[in-house]
Amino acid sequence: MFDFSIVSQWIHGLLTSVMPEWAAVLIECVLVALVIITLYAVFAIALIYFERKVCAFFQCRIGPNRVGKWGLLQVFADVFKMLTKEIINMRNSDRFLHNLAPFLVIVASMLTFSCLPWNKGAHILDFNVGVFFLLAASSIGVVGILLAGWSSNNKYSLIGAMRSGAQIISYELSIGMTMLTMIALTGTMQLSEIVQQQADYGWNICRGHIPAIIAFLVYLIAGNAECNRGPFDLPESESELTAGYHTEYSGMHFGFYYLAEYLNLFITAGIATAIFLGGWAPIYFPGLDGFNDVMAYIPGIVWFVGKTVVVVFLLMWMRWTFPRLRIDQILSLEWKYLVPISMLNLVLMALVVAFGVHF
Amino acid sequence: MMKRPKIKSIPYDDFKDNETFEKLVEELNAGGANVIVRKLDDLIDWGRSNSLWPLTFATSCCGIEFMAVCAARYDIARFGFEVTRNSPRQADVILVSGTITTKMAPVLKRLYDQMADPKYVVAIGGCSISGGPFTKSYHVVKGVDQVIPVDVYVPGCPPRPESFLYGMMQLQRKVKVENFFGTTNRKEKDPISRAEQREKDEIILSEEEKA
Amino acid sequence: METPENNKVNAPAGAAPAAGARPAAVRPAAPAAPAQPAKNLCEPKTVEPAALRKEMERLRRDEQMDFLECLTGMDWGEEGGLGVIYHLESTATGKRVALKTATTDREHPYLPTVSDLWDIANIYEREVYDFYGIIFTGHPDMRRIFMREDWVGFPFRKDSNPEKDNPLRMTNEPLTDLAPCYTLEADGTVRRSETPIFGEDDYVVNLGPQHPSTHGVLHFRIKLEGETIKKVDPILGYIHRGVEKLNESLTYPQTLALTDRLDYLGAMQNRHALCMCIEQAMGVEVSERVQYIRTIMDELQRIDSHILFFSCLCQDLGATTAFLYGFRDREKILDIFEETCGGRLILNYNTIGGVMADIHPNFVKRVKEFIPYMRHNIQEYFDVFINNVIFRNRAEGVGVLSKEQVISFGCTGGTGRASGWHNDVRKRMPYAMYGKVDFKEITRTEGDSFARCMIRMDEILESLNIIEQLIDNIPEGPFQEKMKPIIKVPEGTYYSAVEGSRGEFGVLLESRGDKFPYRLHYRSTGLPLVAVMDTACSGNMIADLITIGGTVDYVVPDIDR
């Protein structure tokens, strides 16, 4: 497996040979930031296109096909439009908070985005408490949503924000619990380490067998709810609250919410990949050496993105199939079912690890 | 030079009303523009014309046809218009589908005002063009252009989905010749002076306070 | 079986006197068929305003007239005065009664209210007040309902000129929070009092007039406590087009055009009702072929409407994919319509004395292809949406309406039948071919949103059954009777009803023998459904309002007319 850290070390070496250490680090930081932002935009646009096509095919339609070949440029057109669209400032709204809210959302999702392990040696933020940091960073987003609802001076926005607050904070519990389950299995919170283990010993979902599969399912449900996507799209439920918390946002401010929604979807799927599905580790079947060698030639980043897209597709499938839940049903699903299940699951996993009955 | 924005798969001659359109292009291009500015404009116009998100606004029959246009057989998503927004702030075009009554007129005006620029209006169906079969009624606005400026009229009662699409394409062509940089943007200069506008605002404010 | 003229010819057009010669056109007597006067002439019994309360109470209590079918405001000019026609029906015995009352005081017309006897009278009387300015003493909420509150005058009065007094106002609409109530004191004076609709501290949310789930431009003011709805105050009139007033200046064939645009998902049935009313009033009998065609078209329209109901419900509940599936099947029906009628939504097919054009040669084939197609595809609806656990949880037990409530609110159609009220006009007063075909009246007893949804699904299948029975047997005959160039209806008051897509669609026609109707009133199928929203929604959550609104299935232009 190709180790990306060779590249980064080479760049570092190159830079330090011509300038002092601090300047090299500064330039590297800027480079990395540029890379993140570009990747962020590219992935968001790709996902939006993907979703529009997927949903069209679910619905016996064609989907965008007139802007560029197969409608490939459709989302670029949307972005150009949104960039030049007016941003409305309203009277009687808290202007500062109103303008701040979308940035909070996008910053939160970018921070989480930087935690993803793309390849061996290619991760931007990689602490020894990586999972913990990831959970913390993703929680900032809800502040943005609450602020948006509060500052808009709109009743729909406020209801949407309150729903969102209740929903996201509740489901974070399940997510935390499933993460804990997997940490119990891997014994580390560092994402790169978690993936490396899986490359060495097999994917976590196989290693941890029953409790890991339960945790994966709970994570998928809770993760979907975290992203505010159907069937958990209550905060912006179109038929009830027109557009929920972002009712009053126009132009690129709305665009931020729009992009963040899709990126959060990618992040949710990416973390699922990293923690359960082996991250950048290729498929490995013991015994089939020829097959394994071929698989190992495919670069890790392709594996990571490929697996993530599969999970994203699963989540889209869910979204375009199910009707929306009601707020009380969402909360009872979480508190009455998911939380107890994931608690029991944690105990189960602890037993599995303690008796060493995992692979 | 006449600018002829292309619509994929419909030749220029197949559009019915090209005279008005050509006049519009001439007017817009009268001053001429810098090459770079023009290119940038083209890019933005391309974006705007291919991303006209409609507001879900339907008052009567034509709304059902609009749903049919969004559905599988006619699939407005091919043009990228399927992202119907329920919040006027995020919509680009308001398809006035259905009769506008005098009670609805101020609401429609407000909806239009709530939309962010650039915004377009398509009057769909006889009712919104002229009052249609209800033109003699005491409670119907005789044409939505009395209330808000209309870009494209789509006749019919209700228009067939094909006419919907045709109307939207006409709007696309219209958007494609807009100037964004330098010149004024599509609409004539606001006839109301700033002072008047301020006065108006104050009246609205005082009314709101009273309420 | 053979009915002498003035007896039980409850079926409309086909069963006019000459029907005796043609066995096929004879209806078997419907079980417990109400004694409707010959043809559709109704001779309302005149009651003085002073005696009205007493008579109404007697009818309600002693004769169990629990269904206020129709309440029509009238302006009979200077001598006749301003008045109201009431149509009552007893759901137990099927007996029907029409009453009328009038006051000649045009400055201060007062009539006693009946809104405490029938819940639906509340909204009907507000409508009459709005149109004619008749004040109902004792009515708890005498606000305008369709017009803006600053509207000058009363548009339906014969001497009014609404357009002169009311230029287009672009100011924001004033909305009062006080409900005026006029009470008749013992000394004959009328006292005005006001009660607040919402309190000072109530969290009131406006749903509409522009909102994705109100199915048009409807405005609900909702009092919320958290997410729980405490009160719903519907404000109507955003698509009030004054169709009834417009009709008074149109000739009969011209009036037909507007019916399609009322409830555009019941275009066939609405127009059928009006044609039938005029034909019966004139004593015209349409050929059997026309009866067959009309019946088939009505049922196709019903399927169309129910599919749209399903689609919109899915859309409202967030299942966008199911919405598209419904539309996919709906297009097939529209194809059938388009071949024969030329239109997709507004069909303009029925005419006085027949239909506009004969059926297309492909019609029978297409319909026969459609029947198995639809039977197969409806299973998909169940798979993808109705049997989904999320939908079940959201619909079962939500917005329960009891049988008493739906009768009192006059909620006919699927909404009423979901609560166990047998109100199908096709069974109560069979018309066209409905007396001859074999079909079930679908009813359920739960009265919740799920039952309302299931009723529509079962009705699609039942409509397919009806079509299947008729489609092979369309007899030969003219598709249009020869009519005089100028159609005049003999003097009198006539009432005909059909089972529209969402309930009883009635036409009340008062003629003075001219070529214009003196008054043409439509019993809206949707108005009772909106009136019942407050009862159905209170105590539920905002999300439930969407479910309930979706399942009671109203079409706004039909409410506002």
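The centres of domain 1 and domain 2 of chain C, taken over C-alpha atoms, are 24 Å apart. This is a predicted model, where local features need pLDDT of at least 70, side-chain atom pairs count only at pLDDT 80 or more, and totals for chains, interfaces and linings use all residues. Residues are numbered from 1 along each chain as its sequence is written, with chains lettered from A and ligands numbered from 1 in the order in which they are written.

Reader: Which element gives the largest share of the side of domain 1 of chain C that touches domain 2 of chain C?

Author: Chain C splits into domain 1 (1-11 + 29-133 + 143-162) and domain 2 (243-555), with bounds from an automatic or database domain assignment. There, 29 residues of domain 1 are in contact with 29 residues of domain 2 (contact is C-beta atoms, placed from the backbone, within 7 Å). Strand 2, strand 3 and helix 3 of chain C each give two or more residues to the domain 1 side; helices (H or I, at least four residues) and strands (E, at least two) are DSSP runs, numbered from the N terminus. The largest share, six residues, comes from strand 2 of chain C.

Reader: Why is helix 3 of chain C largely enclosed by the rest of the structure?

Author: Helix 3 covers residues 121-132 of chain C. Its buried residues, among them C:Ile123 and C:Phe131, pack against strand 2 (67-75), strand 3 (82-89), strand 6 (135-137) and helix 16 (527-531) of chain C. Buried means 20 or more other C-beta atoms within 10 Å of a residue's own, with C-beta atoms placed from the backbone. Helix 3 of chain C is largely enclosed because the number of its residues that are buried is 12 of the 12.

Reader: And what comes just after helix 3 of chain C, with what phi?

Author: Look just past the end of helix 3 of chain C. The residue there is C:Gly133, and its positive phi is about 75°.

Notes. Expected span 1.5 Å × (residues − 1). Contact = placed C-beta atoms within 7 Å.
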